[in-house]
Amino acid sequence: MSFFRFRRKKDPSRNYLNRMAIGLGAGLVKARDVILNPDFGPQGAMDVLATWMGQEIAKELLNQKVITATSTPEEVLEKLLEEVRIAEDLSVEMDGDVAHVVVQNCLICPRKVGGYDLEGNTACPVGGLVRGAIGLVSGKTPQLSKIDLKTGEICKTDFTIS
Amino acid sequence: MSSGLGNIKVHCDICNQPVEFQVSQDKIREQKDGILRVALAHGDPLHAIIVYVDKNLRVRGVEVSDSFQMEGTRAETVVSASEVAENLSESMGEPCFQALYAYSEIEERERAAFVLDKTILRTICEAGVICLSKIRQKIAFLEKAMGDRIDLPQIEVVCERYVQEGLIKRI
């Protein structure tokens, strides 16, 4: 007979995984009709699920006081991408209301990192994460004005935050 | 809404006379956009007007046909989608958008677009012509799916971007 007991150590950075799982579970239930609809495809399913995950991560960022309810959308965007560690090289350039996000050497790419064949599809969570997080904190929903995804290479997404 | 027939009276600008007709509420319910277009042939000499009726049996607009032709005993009337939208736009005071492509023609281009944007574009392409509030109505399921409110200004911003990109037209 063996016995294993797990006691949680306080490591706030690990809470993001829990939050993503919570968002994923809630999103799967609430968005099941969209996810199961072939019209929306893998990217559409990822968009809705990542929106839920983004909302949950934003709650954790607020819990940990990394951001506050008065943080600007730019600050939320910066902290979200920094804490979630999406990529080795990530830049956010603000141009008025538009945030140009460039992701290089993505760390969550199913193709490059995971080695999976995406069969010509994309499944980038960045748009949904950002939309969900900024929407939850500031109540302002960013518009994704331009998306240029080159899976495993350089992905560029423009968010209009106004 | 109750089923059955509703009586409607409109004024014809050609003969300057009132014209009465009946519409079936079941027939209105069958319309995708909730507007029934009725071509009314009447008078002597025979002429026609096109009446737009909504589900509340309100007349949304009346148009005069430019020409009227009979083939056998059947009156042929074609109402273009843009005419319908212009009419709706005037009566409801909100912008309408017209698709310039079938969605299948632009699907690949929009492969990576965000789900909201893509759904709005698909909705316009499938409707041919549609007004803003109707788009919102058709994409309302995304609010639940994303746990997020989607308001009219958000939809309009997306539409305007597609207008600038030449995929749809504002009318």
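A residue counts as buried if 20 or more other C-beta atoms lie within 10 Å of its own, as exposed if 12 or fewer do, and as partly exposed in between. B:Gly147 has 18 C-beta neighbours inside 10 Å and is therefore partly exposed. This glycine belongs to the loop that links helix 6 (141-146) and helix 7 (152-164) of chain B. Residues up to four places away in sequence aside, B:Gly147 touches A:Lys30, A:Thr51, A:Trp52 and A:Gln55. The model that shows these contacts is predicted.

Chain A itself comprises five helices and four strands, and its elements follow the order α-α-α-α-β-β-α-β-β from the N terminus. Of its 162 residues, 41% count as buried. Among the contacts in chain A with a separation of 6 or more, 61% are between residues 24 or more positions apart.

The helical part of chain A can be followed from helix 3. The axes of helix 3 and helix 4 (residues 73-84) of chain A come within 11 Å and cross at roughly 95°. Because angles of 65 to 115 degrees count as roughly perpendicular, helix 3 of chain A is described as roughly perpendicular to helix 4 of chain A. Helix 3 of chain A contributes A:Ile57, A:Ala58 and A:Leu61 to the contact, while helix 4 of chain A contributes A:Val76, A:Lys79, A:Leu80, A:Glu83 and A:Val84. Six nonpolar and two charged residues, with no polar ones, make up this contact of helix 3 with helix 4 of chain A.

In soluble globular proteins, nonpolar side chains tend to be buried together. The largest nonpolar core in this model has 70 residues, and those with the most contacts inside it are A:Ile57, A:Leu80, A:Leu129, A:Ala133 and B:Ile124. Helix 3 of chain A gives the most to this core, with 10 residues. The surroundings of A:Leu129 illustrate the packing: neighbours within four places in sequence aside, A:Leu129 is in contact with A:Ala50, A:Met53, A:Gly54, A:Ile57, A:Leu80 and A:Val84. A second, separate core has eight residues, including B:Leu40, B:Ala48, B:Val51 and B:Tyr52.

The strands of chain A come next. Four of them form an open sheet in the order 1-2-4-3, with antiparallel pairing. Strand 1 (87-95) and strand 3 of chain A stand at the edges with a single partner strand each, so one side of each has no neighbour in the sheet. From one strand to the next, the twist averages 15°. Within the sheet, strand 2 (residues 98-106) and strand 4 (residues 154-160) of chain A pair in the antiparallel sense over seven bridges. A:Val103 has A:Cys155, in strand 4 of chain A, as its bridge partner. Helix 5 of chain A packs on the sheet, where it touches strand 2, strand 3 and strand 4 of chain A, and its direction makes about 30° with that of strand 4 of chain A.

Chain B contains two hairpins to examine. In one, strand 1 (residues 5-12) and strand 2 of chain B run antiparallel and are joined by eight bridges. B:Leu5 has B:Ser24, in strand 2 of chain B, as its bridge partner. Four residues lie between strand 1 and strand 2 of chain B, and B:Asn16 in the turn has a positive phi of about 60°. Strand 2 (residues 17-24) of chain B is hardly covered, as the count of buried residues among its eight residues is zero.

The bridge partner of B:Ile50 in strand 5 of chain B is B:Glu63. Five residues lie between strand 4 and strand 5 of chain B, and in the turn B:Leu57 has a positive phi of about 65°.

Conventions:
Residues numbered from 1 in each chain as written. Chains lettered and ligands numbered in written order. Predicted model: local features only at pLDDT ≥ 70, side-chain atom pairs only at ≥ 80, totals over all residues. Core = buried A, V, L, I, M, F, W, Y, C linked by C-beta atoms within 7 Å. Contact = placed C-beta atoms within 7 Å. Pairing = 2+ DSSP bridges. Axes fitted to C-alpha atoms, helices over the stretch in contact; angles between N-to-C directions. Parallel < 35°, antiparallel > 145°, perpendicular 65-115°, else oblique. Nonpolar A, V, L, I, M, F, W, Y, C, P; charged D, E, K, R; others polar.
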